[in-house]
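Morning, everyone. I'll walk through one structure today, from the overall fold down to single residues. Please have it up on your screens.

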Amino acid sequence: QKVNTKDAKNGYVYRKVARPKYTGPKEKATFVTLARDEDLYSLLGSIASVEDRFNSKFQYDWVFLNDAEFSDEFKRITSAMISGSTKYGVVPKEHWSFPPWIDQDKAAKVREEMRENQIIYGDSVSYRHMCRFESGFFYRHELLDDYDWYWRVEPDTRIYCDVDYDIFKFMRDNGKKYGFTISLREYDATIKTLWSTTKEFMEKNPDLIHPNNMMDFISDDGGASYNLCHFWSNFEVGWLDLWRGPAYSAYFDHLDQAGGFFYERWGDAPVHSIGAALFLDRSEIHHFGDIGYYHVPFHSCPIEESIRIQNRCNCNPNDDFTWKGYSCTSKFYTVSKTEKPKGWQKYAD
Ligand code: GDP
Ligand code: MN
């Protein structure tokens, strides 16, 4: 059964498949995707897997952000896939440009050097705007004002298992504020001064650091150096006020002033991860080991057969990255004093 819906704001007509409406309690939560028009067809598979595995049961909204206006085709096709309301926003220019204090020549030289050294995305201006936007601005977009929680989705990703519970409600009920599926070590060459800049911030603002933080996840020597561990931010389920709050806001401003988004190639993954590790209570960070996830080149797949059967996962546990040496999730379980699944050692290399 199909129904036609007129979207008053965007002024076009699209078709939505009528589904059983979820009428239970809901959180103020939304999916959020940053994309360009040309990402449309690589996004559809991500959206389909999230809808089929989770969202068709709960019908949460989906916010799409872009540094340019989305095409009508993008809006029509994504709206038709999504069971909740869909919203499309343009990123304000100040959130996607060089701040005035950045030395353009210096930034251009770095891009040239990184191109010669073949550092991935090292010569890209747009990738840097993207990383800076995801680090410090997505949660300030007006389309996110109505929400407390978000789930970030990128093109070409997959959820492998059924998620039959409301993930946002789970976060709230269990006192969680940041959830991840995959963690790993960052490419050192992209963040040479991120840690020294972070230490400066910590020295100036000791009162902003949470007394029960998770420094031992990101540093193996009590904060002297960064061990490069970070939550992979292409998947995130989080509490928006973590980023909107005074501690992270001050931290982002400090990093932005230092210029490393342009003079180096700081990624939003290490920036968010350091933020979550320093400004949250350590018990507020959650590993989602039960939903399965893929973003090239890593898979998260529950190694316990009982979970894969229960949740109808369509992934191969032999591909799982979670317990491998280059992953940081084993460290996360150790420092959280959480028991690892039985037999994890078999999947370690
Ligand atoms: P990777 O995962 O680090 O390889 O980076 P991606 O190419 O997946 O980009 C990360 C996210 O930002 C994805 O959701 C992309 O769709 C989005 N993105 C990257 N560059 C741009 C850009 O220039 N404009 C817009 N609007 N989105 C971008
Ligand atoms: Mn990606």
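Buried residues make up 38% of the 349 residues in the chain. Buried means that 20 or more other C-beta atoms lie within 10 Å of the residue's own; exposed means 12 or fewer, and partly exposed is in between, with C-beta atoms placed from the backbone. Keep in mind that this is a predicted model: local features need pLDDT of at least 70, side-chain atom pairs count only at pLDDT 80 or more, and totals for chains, interfaces and linings use all residues. Residues are numbered from 1 along each chain as its sequence is written, while chains are lettered from A and ligands numbered from 1 in the order in which they are written.

Now the fold. The chain has 13 helices and 14 strands. Both are DSSP runs numbered from the N terminus: H or I for helices, at least four residues, and E for strands, at least two. The radius of gyration is 20 Å, close to the 20 Å from the globule rule for 349 residues, so the chain is as compact as a globular protein of that length. That radius is taken over C-alpha atoms, and the rule is 2.2 Å times the number of residues to the power 0.38. The C-alpha trace spans about 60 × 50 × 40 Å along its principal axes.

What about contacts? Among those between residues at least 6 apart in sequence, 80% join residues at least 24 apart. A contact means two C-beta atoms, placed from the backbone, within 7 Å.

Next, the ligand. Which residues surround ligand 1? They are L34, A35, R36, D39, N66, D67, S126, M130, E154, P155 and N234. The test is a C-beta atom, placed from the backbone, within 6 Å of the molecule. By type, the shell has four nonpolar, three polar and four charged residues. Here Ala, Val, Leu, Ile, Met, Phe, Trp, Tyr, Cys and Pro count as nonpolar, Asp, Glu, Lys and Arg as charged, and the others, Gly among them, as polar.

On to helix α4, residues 125–136. Its twelve residues reach 17 Å from first C-alpha to last, close to the expected 16 Å. The expected span is 1.5 Å times one less than the number of residues. Which residues of α4 are buried? R128, C131, R132, F133, E134, S135 and G136. Their cover includes β3 (29–34), α9 (246–258), α10 (260–263) and α11 (268–279).

Now E236. UniProt, in an unreviewed entry, places the feature "active site" there. UniProt positions follow the numbering used here, feature names are shortened, and annotations may be inferred rather than shown by experiment. E236 sits in strand β11, residues 236–239. E236 counts as buried because it has 22 C-beta neighbours inside 10 Å. Beyond its neighbours within four places in sequence, E236 contacts R152 and F180.

Last, some backbone geometry. Most residues other than glycine have a negative phi, and most peptide bonds are trans. Now the exceptions. V296 and P297 are joined by a cis peptide bond, omega about 0 degrees. P297 is in the loop between β13 (293–295) and β14 (298–300).

Q59 is not a glycine, yet its phi is positive, about 60 degrees. Q59 lies in the loop between α1 (40–58) and β4 (61–66). Q118, also not a glycine, has a positive phi of about 55 degrees. Its loop runs between α3 (104–116) and α4. Buried or exposed? Q118 has 8 C-beta neighbours inside 10 Å, so it counts as exposed.
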